[in-house]
Amino acid sequence: MTLSPDEILKQLQQRQFAPVYFLQGEEPYYIDLVADLLEKHVLPEHEKGFNQVVMYGKDTDVAGILGQAKRFPMMAERSVVIVKEAQAVADLENDKTWPFLEAYLRNPLQSTVLVFCYKHKTLDARKKLGKLLAGDKKEPAPAGTVLMTSKKLYDNQVAPWLSNYVRSKNQQITPQATAMLAEYIGGELGRLTNEVDKMLINLLPGHSIDEDLVQRMVGISKEYNIFELQSALVRRDVLKANRILLYFEANPKNNPLIPNLTLLFNYFSRLLVLHQLPGSPAEADWLKMGLRFPIQRQDYQVGLKVFDFHRTRDIVHLIRRADAQSKGIDSGSMTDGEILRELIWLIIHPVPLHAVVGQ
């Protein structure tokens, strides 16, 4: 059967365990979360030595996995077999091993909890294993197998997910802090939760996670960060933009080029979308782009007035050009700092795109 991460977590809290879990998807956070819970809580510590096995895909095969899964527990109710990096099992979808794998999945040992952690991708639904686990009306999926697919969040889902995560810890986070984390870290849920957990440890009783705490704990300079640079560009504050660029060049490890280009690209590509709306952005338009809070929208509202559609489109091309330069394409001996400095100069000064790229 196919279950969502939340449904599986609810079952695990009630100590309801399935014989087989197949955890797949591009977002590793929920795969790791479910696997860790199973590894830590199915068996008490004194039973794990003989009854819990952790295997790695590149070091095993289907025969080895099934051999462990078919073992009866020793002086315990269950045994646990966890296959990490299962996408690296070379013969997982091999025709020769398929009859044995299919036979086990259709009739698993009820005293075994077998867990496949298939990360960064999903099974091909056209192949035998994918078809079997997904099931259909004609042939339902095996009753004892739970299939979970962990999908990456869309940009507009990150901030709500983050707010819910903090609330689940019985804490609060301000809209400004939520917006900053969602924009700066994005949908990398593992990194996002690690940063939030660090802040929760250092949070004073009765306080919320706020912008100042985010800046201190995540390592974002209060005055010299990509958000302030973006704001300076929108408001054509050349002096402030140059001060931030000097800081970036003096602290390259804390201000790597690629993430900064990504954030600038996100801003101007969203601005391009807003320009193509038939009128002023409605609430639904803001939410669709993940801009839930008024503080997130301010730079866009100003940017719509400062950069017209054609200029915004050109800037998107310039950012793509800078990204190519960062990878060594048509950059000569330019450093990362010089690439960013040139890009910012071209954004502030309305040089025609054809004069820059030679079109």
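Which residue forms a salt bridge with lysine 198? Select glutamate 195: the closest N and O atoms of the pair are 3.2 Å apart (a salt bridge is a side-chain nitrogen of Lys or Arg within 4 Å of a carboxyl oxygen of Asp or Glu). Lysine 198 is partly exposed at 37% relative accessible area, while glutamate 195 is buried at 11% (buried means under 20% relative accessible area, exposed over 50%, partly exposed in between, with a 1.4 Å probe and protein chains only).

Some housekeeping: this is a predicted model, where local features need pLDDT of at least 70 and side-chain atom pairs count only at pLDDT 80 or more, while totals for chains, interfaces and linings use all residues. Residues are numbered from 1 along each chain as its sequence is written, and side-chain values use heavy atoms, with hydrogens and water left out.

Now zoom out. The protein has 18 helices and five strands (DSSP runs numbered from the N terminus: helices are H or I with at least four residues, strands E with at least two). Of its 359 residues, 45% are buried.

Next, pick glutamate 45 and lysine 48, whose side chains meet in a salt bridge at 2.9 Å, N to O. Both are in helix α3 (residues 45-51), three residues apart. Glutamate 45 is exposed at 63% relative accessibility, but lysine 48 is buried at 14%.

Then show helix α11 (residues 226-234) and helix α12 (residues 238-250). They pack at about 150 degrees with axes 9 Å apart (axes are lines fitted to C-alpha atoms, for helices over the stretch in contact, and angles run from 0 to 180 degrees between N-to-C directions). That makes α11 and α12 roughly antiparallel, a label for angles over 145 degrees.

Two loops come next. Most residues other than glycine have a negative phi. Asparagine 170, between α7 (155-168) and α8 (175-185), has a positive phi of about 60 degrees, and is exposed at 70%. Aspartate 330, between α16 (309-326) and α17 (336-348), also has a positive phi, near 55 degrees; aspartate 330 is exposed at 73%.

Last stop: methionine 75, in the loop between α4 (62-69) and β3 (79-84). Methionine 75 is exposed, at 73% relative accessibility.

Conventions: Angles under 35 degrees count as roughly parallel, over 145 as roughly antiparallel, 65 to 115 as roughly perpendicular and the rest as oblique.
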